[in-house]
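New notebook page, new structure.

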Amino acid sequence: MLSLVIIVSLLAFAFGKPCATEGLNSEFHLSLNKNLLRSLETQEGLPNPSVHLALRLSEYHNLPKESEHLNSLKNRLHNDIQSSLSNSKPIVGLLALYTLALKSSCYDLNTVTFTVSEMSETLLTHLKKQMDDEKDNIAFSHRPLTNYYQYSLGVLALCVSGTRVNNHVSNKLIKAVEMEHFKHGDSESIDTNAMAGMALQCVKDAGSHVQNAAELDTALSHIKQKLLASRRADGHIGNEFSTGLAVQALIAMGSRVAECAASMEAMRTDARSNTYSNPMALSQILPALQQKSYLTIKSKECLNEDDTLVVEPIVPVVDLASRSTVTVMVEVVASSGAAAVYSVDVPKGDSLLDALEILKGKNVGFTFEKESSLWGNFLSVVNGEQARQSDRRYWHLSSDGTALIQGINDFKIEAVQKITIKNTSY
């Protein structure tokens, strides 16, 4: 009981600050909304369901563009998911985001089907089957086939769609909270805590977990404590890229996050400095800045919606000035521990991906392959060695010993540094 009082007091102190600049903030949020809408015109790869979610949760809409993006999701993304299902790939996270995106447009989910082994079944049926596979894997090996972030997304998508979540499925998530299994390496995964918080809050609101109500409440309280304990002095919760989901989760779990709370100001400061140039990152902070969460989708009706959002064309700026170069050391550490070190000169301001492409072109023995994700490109093979999710391995990136929180497309080379690419297990 005392811990609950402390949490409430902390929340009141941290998130109850009054705001004197709401009008200016609203204008800035509208500009971010336009930036996200504009990203639809420049997106690479598959259409992003997370971007669609954020656009649909906004107060302001460009309904023709949103409808066009919805059709793109129903065709291109749908076909990609169909291919993955046909090849028995675990894709619960993508299935869940697709479900949430369709639900945010009030689309009839019962009309969306996939055909596997000549059997046609609905999207929700496939999502439930994938969640059962994840649950069974947790029972067998104490971890999901994918990860607890995607598992939480699956619980959330089923619940928001009005589908009763199997108690065995939600219990696995509650136990994971209890056992503190939401780790990324040695660090606490704030993103996973946030997504689990929204998922379990939805389960609680649905009233379908009455047999273990006390355990559910304890798990939600534990998640809230984790999020609060992860607040930094600058207002971020975890880091710049986890704050949006963390604020969404606190809102979903009933906390009042004021317009001028430190976490809100931190996200606005980041957005003004172009930290959220990646549409995926922007799509997670925009609902939070508008004091909404993914749970809002459950009650969305899509009636009498605003249709005034207009995106003005941006005149491209051509920089004709020559750029200085900086020297970057690139260290590759294989799974065996063997290391290889290279040196490359890179134009200042280039992305890490650009730097790796230049190094590869020097023909000094460095090679790499990349794959695409909703966050952009990521390394899959370096110097002929794979780091696959199926093997629970990935290429960990760091600069001068500090782990990167941006991907290879988004991290910019601004100074001399040492980039370490290490084959790491999780």
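This is a predicted model: local features need pLDDT of at least 70, side-chain atom pairs count only at pLDDT 80 or more; totals for chains, interfaces and linings use all residues.

Residues are numbered from 1 along each chain as its sequence is written, and side-chain values use heavy atoms, with hydrogens and water left out.

**Entry: the whole chain**

I looked up the secondary structure and found 14 helices and 12 strands. Helices (H or I, at least four residues) and strands (E, at least two) are DSSP runs, numbered from the N terminus. For 426 residues a compact globule would come out near 22 Å, and the chain has 22 Å, so the two agree. The C-alpha atoms fill a box of roughly 60 × 55 × 50 Å along the principal axes.

Then I checked contacts, meaning heavy atoms within 4.5 Å. Of those between residues at least 6 apart in sequence, 66% join residues at least 24 apart. For burial, I use buried for under 20% relative accessible area, exposed for over 50% and partly exposed for in between (1.4 Å probe, protein chains only). Buried residues make up 49% of the 426. The chain exposes about 20000 Å², with carbon and sulfur atoms supplying 51% of that.

**Entry: disulfides**

How many disulfides does the structure hold? I found 2, taking a disulfide as a pair of cysteine sulfur atoms within 2.5 Å.

One is C106 with C302, sulfur atoms 2.0 Å apart. C106 is in the loop between α5 (92–104) and β1 (113–116) and C302 in the loop between α13 (279–289) and β5 (325–333), so the pair ties together parts 196 residues apart in sequence. The S-S torsion is about 85°, so I wrote this disulfide down as right-handed. C106 is partly exposed at 36% relative accessibility, and C302 is partly exposed too, at 23%.

C159 and C202 are also joined, S to S 2.2 Å. Here C159 lies in helix α7 (residues 148–160) and C202 in helix α9 (residues 190–206), so parts 43 residues apart in sequence are tied together. The torsion is about -95°, so this disulfide is left-handed. Both C159 and C202 are buried.

**Entry: positive phi**

N363 sits in the loop between α14 (352–361) and β7 (368–373) and is exposed, at 69% relative accessible area.

D400 is not a glycine either, and its phi is positive at about 50°. I located D400 in the loop between β10 (393–399) and β11 (402–403); at 52% relative accessibility, D400 counts as exposed.

**Entry: H69**

Is H69 buried or exposed? H69 is buried, at 4% relative accessibility, and I placed H69 in helix α4 (residues 63–86). Which residues is H69 in contact with, leaving aside neighbours within four places in sequence? I listed L40, Q43, P47, N48 and H52.

Note on methods: The radius of gyration is taken over C-alpha atoms; the globule rule is 2.2 Å times the number of residues to the power 0.38. Accessible areas come from the Shrake-Rupley method with a 1.4 Å probe; for residues, only the protein chains shown count as cover.
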